[in-house]
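Okay, thanks everyone, let me get the next one up on the screen.

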Amino acid sequence: VGGDQGVVVTQGWKQAPLIEFAELVSTGPFGSMLHKSDYVSDGVPLINPTNIVDDAIVADTDKQVGTAALARLQSYVLRVGDVVVGRRGEIGRCAVVGVEEEGWVCGTGCFFVRPKPVLNSRFLAQLLRSPMYRDQLEQASTGATMKNMSNTALAGLPIAVPSPDEQRRIVAILDEAFEGIATAKANAEKNLQKARELFESVLDESLTMHGAGA
């Protein structure tokens with residue numbers, strides 16, 4: 001499955017530019033719409049690429065906007081199910097807006113996609129993170145020092161999408177697989193910590209005995 005013209009799409013999947021599956025593909029506000037004086041410590045968080053960590057959204061207490069700025073930025077206020085995509089640096093970095101992040105604001109360094117009902121938000125996020133689609137976005141991005149993706153490149157990205165039921169099934173399989181990987185990683189780290197503690201214990205005992213016999 002893929003978006004290139006030479007790639008065969010599985011029967012039952014629809015292939016089209018991302019914008020055809022979305023109500024909206026929008027760039028965050030221009031920098032001129034935000035000023036340092038707009039930032040407050042107890043306002044509404046902004047989401048920039050640095051706030052997308054391990055496929056989740058993490059607020060920055062130093063980058064929140066107050067009531068006046070929020071009134072100007074209403075077109076960039078996020079809803080549950082929106083997919084926030086970083087447009088600078090690490091191409092393919094994205095996260096799905098959940099209940100806790102509803103009402104937060106898309107920052108200047110991000111896009112946000114508002115999928116139509118035919119496109120599952122979490123399925124879209126997995127597509128954008130996949131090597132094949134990241135490569136396509138990388139090729140469409142510009143900048144030698146730091147990659148910068150355009151709204152046109154993201155909106156025009158050819159994607160292949162199965163039925164909503166099949167999307168949910170695929171997402172469930174991936175969730176289970178990633179949960180297993182996370183558990184295995186946690187167990188490996190726990191075992192590594194135990195091994196280090198055992199080594200330090202043996203080392204301490206050896207040094208103590210050596211000191212006693214000296």
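**A sheet, a helix and an arginine**

So, strands S3 and S7, the latter being residues 64–65, pair antiparallel over two bridges. Tyr 39 has its bridge partner in S7, and that's Val 65. Keep in mind this is a predicted model.

Zooming out, that pair belongs to an open sheet of four strands, ordered S3-S7-S4-S10, with mixed pairing. S3 (39–40) and S10 (105–106) sit at the edges with a single partner strand each, so each has one side left without a neighbour in the sheet.

Okay, on to helix H3, residues 131–140. Which residues are buried there? Tyr 133, Gln 136 and Leu 137. Look down the axis of H3 and those buried residues fall within an arc of 95°, so they line one face of the helix.

Last stop, Arg 87, in the loop between strand S8 (83–86) and strand S9 (94–96). Arg 87 is buried, yet has no salt bridge. How far away is the nearest side chain of opposite charge? That's Glu 138, and it's 14 Å away. So what is Arg 87 in contact with, leaving aside neighbours within four places in sequence? There's Thr 27 and Pro 49, then the run Thr 108, Gly 109, Cys 110 and Phe 111, and finally Lys 147, Asn 148 and Met 149.

Okay, over to you.

Conventions:
Residues numbered from 1 in each chain as written. Predicted model: local features only at pLDDT ≥ 70, side-chain atom pairs only at ≥ 80, totals over all residues. Heavy atoms only, no water. Buried < 20%, exposed > 50% of the residue type's maximum accessible area, 1.4 Å probe, protein only. Arc of directions from axis to C-beta. Lys, Arg positive; Asp, Glu negative; His and termini not counted. Salt bridge = Lys/Arg side-chain N within 4 Å of Asp/Glu carboxyl O. Contact = heavy atoms within 4.5 Å. Pairing = 2+ DSSP bridges.
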